Structures are given as C-alpha cells and as structure tokens.
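Please read this briefing alongside the sequence and the structure. The points are grouped by topic.

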Amino acid sequence: MRITVVGAGAWGTALAIAFSRQHEVTLWGRDAAQMVDMQANRLNRRYLPDCPLPERLHLSADLSEAVVGVELVLVVTPIAGLRPTLKELARLRVDAPLLWACKGFEAGSSLLPHQVVAEEFPRLKTIGVLSGPSFAKEVAQGLPAAVSLASENYAFARDFARELHSPLLRIYANDDLVGVEVGGAVKNVMAIATGVADGLGFGMNARAALITRGLAEITRLAMALGGSQQSMLGLSGVGDLILTCTGALSRNRQVGLKLAEGKSLQTILQELGHVAEGVPTAREVLKMAERLQVDMPITAAVCELLYHQATPQSVVESLLGRTPKPEFGNG
C-alpha cells in the first residue's frame, strides 16, 4: 500500500518508520530544511535522534508530490495543525482514505478531530482515527505496541486494520470513533494531574486512585458525547491512560512533575521542546463538560493549575476535601 504520513514530528516519524517495514511510505514535513537534514542524516535529529530512518522510507517537503497516487493519507500533526493540513489536502483534491493520529479537542471550537474532518471533507466516508498506548520512541525502535483504528465505517476500520497490522504494531478495529478520540484526548489531562501528585510525593496509592477516578471522568464525558463505555476499557481508554500517567516518556506527565516543582507553565513548555496536548485540551474539555453538565473535578483542578495560578498544594487539598460519593455514581 502507498501511504503518505503528513507530519514529521516524533509520532509521524515513528509511524512512518513502522509502516515502511511492509508498505511504500512517504513522510512529508512542512519544514524543508528539516527534511533536507533528515534525508542527509537518515535521522529525525530534532525528535527521534536515536532512531535511524529506513532507506526505503521516502522523505518530502512537497505535499503535492507526496500525495500523488497515494492509497492512504495519515495526518499526524498536533490538533492545532489538523484543520490547516486538511485545508491543504482539500486544495490538492486528495480523495484517498484518511486517518489521523491527533489527540485533543480543537481550541476554540471544542471539536473532536472527526468533527473537524467532517467540516473539511464532508463527502469522504473512508476516514478514521489511529490511537492508543504508544510512545513514539518505542514504536520507532520496533518495540511491540497495540493501537485502535476506529471509524464509524466499521468495514473500513476492519479492512485497513488488517492491512496495517504487523507483529510489532498490532492494530485493532473499533467502530466507536467518539470514544476512542475522547479517551486519547482526556488521558493527557489526567497525566498532568498524576504528574503533579507524583511530584508532590503522594505515592503510588494516590497515583492509582487518580488514574481510576480519571478513567471515571473520561468515561462520563465519552458517554455524554455518544461514545461507548466498552471503549474506555480498551486500548484507547484505560490502556492509553495507564501509559501516559505512568510512563517516563510522557510529556504531559512531565508537565505535572514540573508544576509540582513550582515552575511556570511557560518555562515548562519551553523546556519540553515538544507539544504537550493536555495543556490546551484541558480548557476545552472543561468547557465541554460544563456545557454537558458532566462532573470532571480532576480536569477542573488541572485547569486551575494551568490557567488560574493555583498552587499544586491548594488544588490537591481541594480534591481531597471533596464530599465522598458512591463510586459508581455521577460524581
């Protein structure tokens, strides 16, 4: 299969490496100088300096050239870059099946990625999301991982999951597009909270409690938006949540750890040098939760930290001081 991966960040590069093991893959990046450097060194020195690029992986900074004869387009940009990228693909009249690997809600509109895609490609029915517990570095290194390919068109999800599946990157078809996207988006917010708790030295008991109650929050929102509770128990629910809340490679967890140190958000983001999607997503999630009247106290606490100058200690005290409720109730 001829695949074009749009976006040469860490995750786009990792997926391009993984899929090039059995498909003809072109990796497109917006920064022409970066692509020249990657071609010369066969490395993405900025994002994955320890992961050589296969010789068969084609690199391009010319999107019109990269999509000629393509059989699948995989958009791997931050959520902020999804709509501009789709507009460019529409301008080039690309009509190939489309997957995306963005995680978040679009800033301002609070739209999930599939809603953005529907606005920019209203007639395209072969669309879906690729999401799940998967650090880019490990996928690029060829370590085993498993993710979901979700689409409202289940036949499309099933067929393309089979095409893309490999022993090292196992892909499972899912028809719960909303649930998979919500899980992938909100787990980043929960990872910030977990990082704060870890940074304050609250221990593993507290971490387990946060992850579990975080899953309850994600599930409430997903179901309010039409997602399935079952998906929350799968790869893009509890799987992605556990990885992002506990893994040392998690950028969102790093944000929480650094907040616990008393660093400013601006300083933290400068030090990371990568996008931490949980930061902009937290505000959109809380806005959505308030509109739908879904109780999301951990998300609200993260927003207090990120946007209202609350201290980590005061936020934690507020969470710990909440009135006890039934475990499987609405709060």
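Leaving aside its neighbours within four places in sequence, which residues is Arg251 in contact with? Arg251 touches Leu272, His274, Val275 and Ala276. The model is a predicted one.

**Annotated binding site**

- An unreviewed UniProt entry gives the feature "binding site" at Trp11, Arg30, Tyr47, Lys103, Ala136, Arg251, Val275 and Glu277.
- These positions span 267 residues of sequence and are spread in space too, with C-alpha atoms up to 22.6 Å apart.
- The largest pocket has Trp11, Arg30, Tyr47, Lys103, Ala136, Arg251, Val275 and Glu277 from this set in its lining.

- Arg251 belongs to helix 11, which covers residues 251-260.
- Tyr47 sits in the loop that joins helix 2 (32-41) to strand 3 (58-60).
- Beyond its neighbours within four places in sequence, Tyr47 makes contact with Ala8, Gly9, Ala10, Gln34, Gly273 and His274.

- Eight strands form an open sheet with mixed pairing, in the order 3-2-1-4-5-6-7-8.
- Strand 3 and strand 8 are the edge strands, and each of them pairs on one side only.
- From one strand to the next, the twist averages 25°.
- Strand 7 (residues 145-150) pairs with strand 8 (residues 169-174) in the parallel sense, over 6 bridges.
- Within this pairing, Val147 has Ile171 of strand 8 as its bridge partner, and Ala150 has Asn174 of strand 8.
- A right-handed β-α-β unit is made by strand 7, helix 7 (residues 154-164) and strand 8.

**Helices on the sheet**

- Helix 2 packs on the sheet, where it touches strand 2 (24-28) and strand 3.
- The direction of helix 2 makes about 155° with that of strand 3.
- Helix 10 (residues 235-246) lies across strand 6 (127-131), strand 7 and strand 8.
- Helix 10 runs at about 145° to strand 7.

**Two buried residues in helices**

- Thr219 is part of helix 9 (residues 203-224).
- Thr219 counts as buried because its relative accessibility, 11%, is under 20%.
- Apart from neighbours within four places in sequence, Thr219 contacts Gln229 and Met232.
- Thr219 and Ser231 are 12 residues apart along the chain, and their C-alpha atoms are separated by 8.8 Å.
- Lys258 is placed in helix 11, the helix that also holds Arg251.
- Lys258 is buried, since its relative accessible area of 16% is under 20%.
- The contacts of Lys258, leaving aside neighbours within four places in sequence, are Lys263, Ile268 and Glu271.

Notes: Residues numbered from 1 in each chain as written. Predicted model: local features only at pLDDT ≥ 70, side-chain atom pairs only at ≥ 80, totals over all residues. Heavy atoms only, no water. UniProt positions renumbered as here; feature names shortened; annotations may be inferred. 1 Å grid on protein atoms, 1.4 Å probe; cavity = no way out; pocket = protein on both sides within 12 Å on 5 of 7 lines; lining within 4 Å. Helix = DSSP H or I, 4+ residues; strand = E, 2+ residues; numbered from the N terminus. Contact = heavy atoms within 4.5 Å. Pairing = 2+ DSSP bridges. Right-handed = clockwise from strand over helix to strand, strands pointing away. Axes fitted to C-alpha atoms, helices over the stretch in contact; angles between N-to-C directions. Buried < 20%, exposed > 50% of the residue type's maximum accessible area, 1.4 Å probe, protein only.
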